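Colleague: I have a file open that I have not looked at before. Could you take me through the terms used to describe it?

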Amino acid sequence: MAGQQFQYDDSGNTFFYFLTSFVGLIVIPATYYLWPRDQNAEQLRLKSLRRVHGRCLWYRLRLMKSQQSIVPTLKKAALLFGWAVFLFLAYKVSKLDREYQEYNPYEVLKLEAGASIAEIKKQYRVLSLKHHPDKGGDEAMFMKLAKAYSALTNEESRNNWEMYGNPDGPRGDSFFNLLTYFQRSVLLVYGLAFMVILPVVVGTWWYRSIRYSGDQILINTTQLFMHFMYKTPTMNMKRLVMVLTAAFEFDPRSNKEAIIRPTDNIEVPQLIRELGNINVKKKEPPFCYPYSLKARVLLLTHLARMDVSENVEEDQRFVMKKCPALLQEIINVGCQLTMMATSRGGLRAPRLSSIENCMKLSQMVVQGLQEAKSPLLQLPHFEEEHLRYCISKKYKVRTLQDLVSLKDSDRRNMLRFLGEEKYEEVLAVLGSFPYINMETKLQVLDDEDSNNITAGSIVTVTVTLTRKRMSEMFEKEEDAPPPTEETNAEEVQGDAKTNKTKVWQNKNKGAKKAAKSKKKKLTKKKPVTQQQAKGDKAKQANGNVAGNDVAAASKAEEDDLSDKGSESDEAEGNKDSPSERDEESDKQSDTEVDEIAGDDEEEWEALQQSIQRRERALLETKSKVTHPVYSLYFPEEKQEWWWLYIADRKEQTLVSMPNHVCTLKDTEEVELKFPAPSKTGNYQYSVILRSDSFMGLDQIKPLKLEVHEAKALMDNHPQWDIPETEEEEDDQEDSDGIEESEEDEEDND
């Protein structure tokens, strides 16, 4: 290469290579991630949920949104346009000539390098006659021939070509002047995007994100909840509603999604008059602020299932969507205050009733029901006037479980106010409700005796939750075999037996004590004499029923005593020699050792399984999509989540922090840990499972805790206490070994 250092792109063809690569890097990943391929899957999912959730508000809104939304169409159009641009640029690049070859005048004149001046002149004459414009030749080719001839014959041009790679000498144009107009505009756009727009966007995002916590709750809202939870440890439902609706998420100054409409001055006071007393005159900030009052009114109208205008309904949906996350934040704040009060002391911890009211309010918000309303109103086609059929003396159905446990004929008769289609819909919805089976296991991990709970130890309660559908209870009733004559007879006999046992169970304590005293007297009774036997026969002849019973009982006891005597005689006769007794004792001790070893292996396996479970829980990221909740008035699809915790209901305190179980699809194991009390004794706790979406499905399971004294720490472990006699014997053995080795060496010599 003859001194060439830089090659400038005067035509701008290199830019097309760069632009093609840039567009490809954007279009290909965007197509993979943004192409709306799940639209059909969403439609199929909604279609499968239609039979159960067809009347839910969130389902109707989602269906309308999927039908009216043009976002998938716009995504497809944008991606197709990007692919069209990419293919056009690729075609353009494939047609570009390669103009980055090194300039060589010998190649232009079609000569070999090092040709003489005579050969150059001769070749130039031939080619110039051929390509001269006056003779119909190519003017551009003629100019190239003239430039090549000058570079090889003119001494100055030849030196410029050898030094700079160009017969005309070095170029004086700057790099920016060499760029085309299109390239300059592209550089300006890049500079504007990366030096102005990008810093502004990142800065705006950063200053907005630092205002929110990890759960997307405003930091100011968390501080507000902390203040009022500490100020009022015992928070009733009215106070809780006021604190919830005072969140800054509903303030237009902190959240642009919240809207204050001009019509609020007319519609909100009208709703306040319809609701009644909602503490409007309370002057405590921020409860008296307009945004807080409006959010409170919207929440209470939702719980009362009142009809509102379209504008108010839109604002109401916005408030309802925010409420579950805000209630979860209040629960988290209450748990933090409880831990601070437990660890530091001197602080007022929130009462258990305050935290449980948050959980109840979450259920009420999702179902759109007030606290005192019947859980049966969660079902479709149920109204207040229909409840009188359920709570009548004949059926006494007050909960969902009572409705499920009814026989199909009784259930249909009770719900006779429903048509056949509505009745089938009610059964389908009721069958989709969850039924949770809860099993608990109490142990102390990482301890020699995992079943022994000592004062101050860390207790682990492993709770196994198994979710089933209530429809399985219907299926069990349907799978039951039809009654036959034999089964009917057996049922009659069984009923008679149960009736007898019920009569026997209903006897008073005095009768039980009399029976026990009779048994004791019979056991202490002496052998029967002949006179007594004659007297008994006389009583039997007179038809004394009680005498018969006593005689029969005494005879049975004598038989038992004779059997016991024969068994003892056999045992005495089977006694063998002392050596056989020693063998039997050795066998018994071996079996005991094997049982202890088996128990240790079981404990070790359980410990290993718990460790593996923890590691798996840390590595796995389970989806929080469990099962959609049936909610008639909630505007957003809600998943089934649960709260699981241990509480002392007598002291109204939390024992373990509530665990928000968000991954319960079929089966889930949850570990609840808490420190055992510092004082020994028996304690009565409760393992509580609460739904955050359904009313009337909470479960409370008792948990008994027996705390023993902690073992004293051992200063010196027995395995390190070596007696002096053993040390002397070891020294003596070592010295004997040395003497024997010396004697062997002398013999060898």
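Modeller: What follows is a set of questions and answers on how parts of this predicted model are described.

Colleague: What makes up the chain, in terms of secondary structure?

Modeller: The chain has 27 helices and nine strands. Of its 749 residues, 33% count as buried. The accessible surface is about 49,500 Å², and carbon and sulfur atoms hold 53% of that surface. Among contacts with a separation of 6 or more, 69% are between residues 24 or more positions apart.

Colleague: Why is His-53 called buried?

Modeller: The relative accessibility of His-53 is 4%. Buried means under 20%, so His-53 counts as buried. His-53 is in helix α2, residues 39-53. Beyond residues up to four places away in sequence, His-53 touches Trp-58, Tyr-59, Pro-628, Val-629 and Tyr-630.

Colleague: How do you know whether Lys-294 is buried or exposed?

Modeller: Lys-294 has a relative accessible area of 8%. The cut-off for buried is under 20%, therefore Lys-294 is buried. Lys-294 is part of helix α14, residues 290-303. Its contacts, leaving aside neighbours within four places in sequence, are Ile-259, Ile-260, Arg-261, Asp-264, Val-268 and Asp-315.

Colleague: What makes the peptide bond between Pro-285 and Pro-286 cis?

Modeller: Omega is about 0° for the bond joining Pro-285 and Pro-286, and this is a cis peptide bond. Most peptide bonds are trans. Pro-286 lies in the loop between α13 (264-275) and α14.

Colleague: What is noted about the phi of Gln-216?

Modeller: Gln-216 is not a glycine, yet its phi is positive, at about 60°. Most residues other than glycine have a negative phi. Gln-216 sits in the loop between α10 (181-209) and α11. Its relative accessibility is 56% and exposed means over 50%, so Gln-216 counts as exposed.

Colleague: What is the phi of Lys-396, and why is Lys-396 called exposed?

Modeller: Lys-396, which is not a glycine either, has a positive phi of about 55°. The loop between α17 (387-390) and α18 (400-405) holds Lys-396. Its relative accessible area is 56%, and over 50% is exposed, so Lys-396 is exposed.

Colleague: Why is Asp-698 called partly exposed?

Modeller: Asp-698 has a relative accessibility of 27%. Buried is under 20% and exposed over 50%; 27% lies in between, so Asp-698 counts as partly exposed. Asp-698 is in the loop between β8 (681-691) and β9 (699-708). Not counting residues up to four places away in sequence, Asp-698 touches Gln-363, Leu-689, Arg-690 and Ser-691.

Colleague: How far apart are Asp-698 and Trp-643?

Modeller: Asp-698 and Trp-643 are 55 residues apart in sequence, and 9.6 Å apart in space from C-alpha to C-alpha.

Terms used:
Residues numbered from 1 in each chain as written. Predicted model: local features only at pLDDT ≥ 70, side-chain atom pairs only at ≥ 80, totals over all residues. Heavy atoms only, no water. Helix = DSSP H or I, 4+ residues; strand = E, 2+ residues; numbered from the N terminus. Buried < 20%, exposed > 50% of the residue type's maximum accessible area, 1.4 Å probe, protein only. Contact = heavy atoms within 4.5 Å. Areas by Shrake-Rupley, 256 points an atom, 1.4 Å probe, with all protein chains shown as cover.
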